[in-house]
Amino acid sequence: VMFATHGLMVGSINGLSQPALALSAPDVPGSSGDGLLTMDKVMGLKLDADWVVLSACNTGGAGGRGAEAVSGLGRAFFYAGARSLLVTNWPVDTIAARQLVTEVFRNQQANPSAERSTDLRRAELALIDSGANLDEGIATYAYAHPKFWAPYSLVGAP
């Protein structure tokens, strides 16, 4: 199961009392609900998922000082039946997230017997080695910086 969306921490929007994934805008014509997949809603799911990928900001923690590792959304997906998770521990860069997660799946397809942790490590190294972003020929940043690849954690079954 793969989610590539916006992750919301408690308090990031008015009235949000639990972490959530934004699935749609709340004012979409013809839809009911708030467009959020909250922690409570996730806990109500019945999954049989080997792997859930939460490619969104802050999906591995509940937020705040002293929060447990893999709390909030991550814990809810385990409760719902996920056996392993790929989560993020802080905000992610959209382009780097797409490149890294795509490379994880590319690695998995190329070598299905490899462990997910190996696929993630290879994807992180590929991102690190991908060079710098250029703006009119001037390097503005390099994907080697940990803010682009380090937010991701694999938790659960390898």
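In this predicted model, strands β7 and β8 form a hairpin in which 2 residues lie between the strands, and glutamate 136, placed in the turn, has a positive phi of about 55°. The pairing of β7, which covers residues 132–135, with β8, which covers residues 138–142, runs in the antiparallel sense and extends over 4 bridges. Within this pairing, alanine 132 stands opposite alanine 142 of β8.

Among the contacts in the protein chain with a separation of 6 or more, 62% are accounted for by residues 24 or more positions apart. Of the 158 residues in the protein chain, 38% count as buried, that is, with under 20% relative accessible area, while the accessible surface of the chain comes to about 8800 Å², with 55% of that area belonging to carbon and sulfur atoms.

Rolling a probe the size of a water molecule over the atoms shows where empty space is left. The largest pocket holds about 250 Å³ of space, and of the 15 residues that line this pocket, Ala4, Thr5, Ser55, Thr94 and Ala97 are the closest to its centre. Two or more residues of the lining come from each of β1 (2–4), β2 (6–8) and α3 (94–110), and it is α3 that gives the most, with 5 residues. Sorted by class, the lining of the largest pocket comprises 7 nonpolar, 6 polar and 2 charged residues.

Key: Residues numbered from 1 in each chain as written. Predicted model: local features only at pLDDT ≥ 70, side-chain atom pairs only at ≥ 80, totals over all residues. Heavy atoms only, no water. 1 Å grid on protein atoms, 1.4 Å probe; cavity = no way out; pocket = protein on both sides within 12 Å on 5 of 7 lines; lining within 4 Å. Points joined across faces, edges and corners; volume = space filled by probe spheres on them. Nonpolar A, V, L, I, M, F, W, Y, C, P; charged D, E, K, R; others polar. Pairing = 2+ DSSP bridges. Buried < 20%, exposed > 50% of the residue type's maximum accessible area, 1.4 Å probe, protein only. Contact = heavy atoms within 4.5 Å. Areas by Shrake-Rupley, 256 points an atom, 1.4 Å probe, with all protein chains shown as cover.
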